[in-house]
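Have the model open in a viewer with residue selection ready. The stops below are taken one at a time.

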Amino acid sequence: MSLPATAADYRALARRRLPRFLFDYLDGGAGDERTLAANVDDFAGIRIRQRVLVDASRVDTGAVLLGESCALPLALAPVGLAGMMARRGEARAARVAEAIGVPFTLSTVGICPLAEVAAARGAPFWFQIYMLRDRGAVEAILDAAWAVGCRTLVFTVDLPLPGPRHRDTRNGLGAAGLKARLLRVAQVLARPRWIRDVALRGRPLRFGCLEAQVPGARSLDAFKAWVDTQFDPGVTWRDIAWLRARWRGKILLKGILDADDARAAVDAGVEGVVVSNHGGRQLDSVASGIRALPKIVAAVGDATEILVDGGVRSGTDLFKALALGARGALVGRPWIWALAGAGETGLRDWLDTLQCELRLTMTLAGVTRTADIDVSHLDSD
């Protein structure tokens with residue numbers, strides 16, 4: 001491949017370097033992947049209103065997200081198993097994010113532990129968590145996150161049960177039989193570079209944030225078996241009140257698609273919501289984040305901070321999200337594609353490209369501050 005330029009280019013690099021079951025775990029969605037496709041496709045139908053001869057000599061792409069000054073209205077979303085996609089992936093991405101000036105979010109089911117990520121960057125980072133059945137484990141994890149300096153909690157609310165991801169089934173991911181194991185082994189052996197860089201140099205490959213909760217479990221399979229028992233379909237808004245009482249920092253509820261749920265989130269006292277369908281990985285045929293965004297903004301836009309995720313692939317997409325009322329966006333797959341495909345340099349280059357794209361879009365739309373981008377900058381015809 002020639003030098004990578006776009007998120008799609010980094011996706012192609014990641015596909016060539018990762019064992020198939022890992023690439024498909026990252027890349028795939030639920031069911032027939034209609035929502036997965038809609039997350040990207042629905043951005044394409046939004047048109048920007050171009051303006052000319054507007055003084056755009058000083059365009060500022062900066063923004064404030066959850067009280068933090070950022071170089072872009074963007075945060076790196078939590079990605080489970082990122083340290084399996086790239087050597088010590090979470091720590092390296094956190095370091096790049098700090099250098100660029102955007103928040104990084106560590107997943108509960110990431111490979112690098114909280115302390116390692118904290119050591120990789122000087123600034124605080126965000127932490128993502130699920131409501132596990134073991135509330136004692138949740139409290140212990142929250143305490144650990146607070147102790148290393150996390151002050152923004154991203155609580156994922158749309159994972160009462162894992163979605164049906166057929167690519168994972170076809171690749172034998174999570175299956176214990178001999179046939180599935182041999183299939184995964186063959187896929188690993190086909191990627192010797194990944195073996196050297198990640199499987200060997202990237203050890204230990206364990207769920208770092210959960211080691212204290214699963215003592216004695218030294219393998220990913222053992223950790224996964226424990227995690228699978230912890231998803232709780234009985235979680236309700238009472239649990240959000242419980243969480244609010246125990247977390248002294250800011251809370252973002254990630255996975256809101258309905259206006260009534262957004263209003264309930266405001267009533268629960270959280271600082272923000274992420275309009276999200278979990279990257280198309282949970283319930284197929286729900287709305288894309290960008291399609292659901294306007295009704296959430298109409299319902300609670302004056303009462304809470306709204307971010308969106310799913311399908312942002314460029315600075316132009318980011319501009320569209322802001323125009324429809326989001327304060328900023330989370331990006332997941334693109335950052336790990338760049339890191340897996342081209343290392344820290346790749347991630348830095350992709351974020352630089354995204355910032356350049358946003359700056360150009362703002363310039364040609366005649367707006368110089370991200371806070372001033374609104375629906376008037378979209379073409380209504």
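Predicted model: local features only at pLDDT ≥ 70, side-chain atom pairs only at ≥ 80, totals over all residues.

Select L66 first: with 4% relative accessibility, below the 20% cut-off, this residue counts as buried. L66 is not a glycine, yet its phi is positive, at about 50°. To place L66 in the chain, look at the loop between β1 and β2 (68-70).

Next, select L53. This is another residue other than glycine with a positive phi, near 55°. L53 sits in the loop that runs between α3 (34-44) and β1 (63-65). Is L53 buried or exposed? Its relative accessibility is 88%, over the 50% cut-off, so L53 counts as exposed.

Now move to R203 and P204 and display the peptide bond between them. That bond is cis, with omega at about 0°. P204 belongs to the loop between α10 (192-200) and α11 (220-230).

The last stop is the second largest pocket, which holds about 390 Å³ of space. To centre the view, select V157, D158, L159, P160 and V235, the closest to the pocket centre of the 22 residues in its lining. Then colour the elements that each supply at least two lining residues: β6 (152-156), α12 (237-246) and β7 (250-256). Which of them gives the most to the lining? It is β7, with three residues. Finally, colour the lining by residue class: 14 residues are nonpolar, four are polar and four are charged.

Key. Residues numbered from 1 in each chain as written. Heavy atoms only, no water. 1 Å grid on protein atoms, 1.4 Å probe; cavity = no way out; pocket = protein on both sides within 12 Å on 5 of 7 lines; lining within 4 Å. Points joined across faces, edges and corners; volume = space filled by probe spheres on them. Helix = DSSP H or I, 4+ residues; strand = E, 2+ residues; numbered from the N terminus. Nonpolar A, V, L, I, M, F, W, Y, C, P; charged D, E, K, R; others polar. Buried < 20%, exposed > 50% of the residue type's maximum accessible area, 1.4 Å probe, protein only.
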